[in-house]
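I opened the model today to look up a few places in it. My notes follow in the order in which I made them.

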Amino acid sequence: MFDLRFLERRPLIVGLEIGTAKVCAMVGEINAEGALTIIGIGQSPSRGVRKGEIVEPALAEEDVRAALSEAEHSADVEIRSVYLGVSGGHVVGFNNRGVQPIVSRDREIGEDDVNDVIRNAKAINIPAEHYVVHAIRQHFSVDDQDEIRDPVGMIGGRLEVEMHVIHGRTNRFQNAIRLVKGMHLEVEDIVFNGLASALGILTAEQKELGALVIDLGAGATEYVVYARGVVKHTGVLAVGGDHVSQDIALGLKVPQGRAEKLKFEHGDAIFDESAKGLTHTPPHELGLPERPLNIEHLRCVMSLRLQETFEIIREEVEEAGWLNQLRGGVFICGGGARVPRILELAERVFELPAFPGHARGISGLASALDQPEFSTAIGLVKFGAGQARKKNNRGSLRRLASWSPARIFSNLI
Ligand SMILES: Nc1ncnc2c1ncn2[C@@H]1O[C@H](COP(=O)(O)OP(=O)(O)O)[C@@H](O)[C@H]1O
Ligand SMILES: [Mg+2]
């Protein structure tokens with residue numbers, strides 16, 4: 001007979017992105033062999049979010065409910081907790097260094113020294129109203145020896161650690177967390193959307209080679225640099241596809257919804273001879289004035305906006321010193337990855353090979369894995385699976401006070 005108790009205990013991992021264009025809930029499951037499979041997906045158009053942040057909670061809640069309910073049906077499960085993606089122009093990433101003298105007589109580095117040096121690196125000056133979402137270990141150095149992944153057992157006088165810290169305004173994160181908790185769901189953790197997308201699409205080899213992931217969303221563009229296997233640089237621009245549509249609406253004097261449609265039908269990332277003199281006359285039944293719309297102008301506006309976005313990212317990555325470390329190339333995901341010739345534009349601006357971001361290291365619903373908009377939600381599931389595996393390795397981590405979500409968020413809620 002079918003054992004219902006088994007169903008209840010299935011180790012589910014749910015990623016939730018409350019994006020500007022859509023809310024997406026992705027359901028993953030870890031099988032007995034530890035492999036991760038996507039077993040369900042739900043989505044809803046998003047109405048309560050601007051520039052990657054919740055501005056109309058009641059609408060956002062309705063849309064989250066719709067996405068979660070669809071995901072529950074599609075996976076035939078009950079969702080009790082989620083890994084929640086966060087973004088917004090207030091999110092900042094930077095590198096920090098911690099230093100710790102090794103004082104034991106034999107000068108052998110122990111677990112305690114590692115914990116201390118990490119604590120030092122975390123003791124950073126961020127604004128009081130900010131919350132650290134991630135403090136990611138990059139690598140250690142012992143005296144003058146660099147690039148050490150695990151220093152325990154080494155002999156030395158000074159231990160240093162490099163960390164990448166991602167933080168943002170506490171109350172903005174609270175808005176999203178409170179919304180989800182208000183629906184009687186647990187928030188297992190919050191994760192920066194850009195990091196989730198990179199996790200979703202990069203292989204270990206690409207992270208090692210060096211790669212830039214750009215997630216072109218509707219209200220925000222997130223980017224992440226990996227090099228030598230670790231996160232080196234992250235950022236958010238509070239601009240995205242919505243702004244392209246706004247510009248088109250202004251330029252062509254059409255409503256924003258119409259501009260969005262025209263962008264889908266006639267958009268291109270590159271403005272060249274092929275756009276010269278292009279017009280489009282809307283069909284009579286739309287009830288719009290039958291004046292020809294200037295598609296040449298649409299292409300010009302769109303390509304300029306996208307080029308500007310890439311140029312800003314290039315400048316920041318170059319300034320941080322990572323542009324010549326990207327031997328794996330540039331990966332584009334998010335809805336903007338669907339824009340014709342977007343990869344060609346990225347190759348021109350970054351002078352690097354560019355690729356579409358595909359979900360990696362995960363199987364299941366092909367309809368979920370192939371879509372560029374779902375990289376973040378898939379990455380959230382992968383992040384959750386990583387946490388679950390760690391938890392498994394260490395016995396029941398829930399018992400550890402340091403992990404308990406309630407403890408993590410006690411200062412957030
Ligand atoms: N074929 C396309 N051409 C142009 N823009 C597109 C296309 N497909 C999606 N987009 C744009 O991608 C954005 C949505 O991307 P998505 O990653 O889902 O956003 P978010 O994560 O912010 O909800 C919208 O601005 C939409 O206009
Ligand atoms: Mg997004």
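**Entry 1: the ligand**

I started with Lys263 and found that a polar atom of its side chain is 2.7 Å from an oxygen atom of ligand 1. I keep in mind that this is a predicted model.

Lys22 has a polar side-chain atom 2.9 Å from an oxygen atom of ligand 1. For Ala218 a polar backbone atom takes part, and it lies 2.9 Å from an oxygen atom of the ligand.

Next I listed the shell. It holds 20 residues, and the closest are Ala21, Lys22, Glu260, Lys263 and Gly335. I sorted the shell by class and got five nonpolar, eight polar and seven charged residues.

Which helix gives the most to this shell? I found that α8 does, with three residues. Both α7 (241-252) and α8 (256-266) supply at least two residues each.

**Entry 2: Lys22**

I went back to Lys22, which sits in strand β2 (residues 22-30). Is Lys22 buried or exposed? Its relative accessible area is 15%, and buried means under 20%, so I wrote down Lys22 as buried.

I also checked the side chain of Lys22 against the protein itself. One of its polar atoms is 3.5 Å from the backbone oxygen of Glu373. Leaving out residues up to four places away in sequence, I noted that Lys22 touches Glu17, Gln43, Ser44, Pro45, Ser46, Glu373 and Phe374.

**Entry 3: Asp268**

I looked up Asp268 in the loop between α8 and β15 (279-280). Its relative accessible area is 8%, so Asp268 counts as buried.

What does the side chain of Asp268 meet? I found a polar contact of 3.1 Å between the side chains of Asp268 and Arg341. A polar atom of the Asp268 side chain also lies 3.1 Å from the backbone nitrogen of Ile270. Not counting residues up to four places away in sequence, Asp268 touches Arg299, Met302, Ser303, Val339, Pro340 and Arg341.

**Entry 4: Arg360**

Arg360 is also in a loop, the one between β18 (354-356) and β19 (363-364). I read a relative accessible area of 36% for Arg360, which means it is partly exposed.

With neighbours within four places in sequence set aside, the contacts of Arg360 are Gly200, Ile201, Thr203, Gln206 and Lys382. I also took one distance along the way: Arg360 and Asn392 are 32 residues apart along the chain, and their C-alpha atoms are separated by 22 Å.

**Entry 5: the nonpolar cores**

Last, I turned to the nonpolar residues. In soluble globular proteins, nonpolar side chains tend to be buried together.

Which members of the largest nonpolar core touch the most others? The core has 68 residues, and I noted Leu16, Ile18, Met26, Leu68, Ile79, Leu84 and Ile190 as those members.

Beyond four places in sequence, its contacts include Ile13, Val14, Gly15, Ile38, Gly40 and Ile41. Further along the chain, Met26 is in contact with Ala368, Phe374, Ala377, Ile378 and Val381.

Conventions:
Residues numbered from 1 in each chain as written. Chains lettered and ligands numbered in written order. Predicted model: local features only at pLDDT ≥ 70, side-chain atom pairs only at ≥ 80, totals over all residues. Heavy atoms only, no water. Core = buried A, V, L, I, M, F, W, Y, C linked by side-chain atoms within 4.5 Å. Buried < 20%, exposed > 50% of the residue type's maximum accessible area, 1.4 Å probe, protein only. Contact = heavy atoms within 4.5 Å. Near = heavy atom within 4 Å. Polar contact = N/O pair within 3.5 Å; in protein donor to acceptor, adjacent residues only side chain to side chain. Helix = DSSP H or I, 4+ residues; strand = E, 2+ residues; numbered from the N terminus. Nonpolar A, V, L, I, M, F, W, Y, C, P; charged D, E, K, R; others polar.
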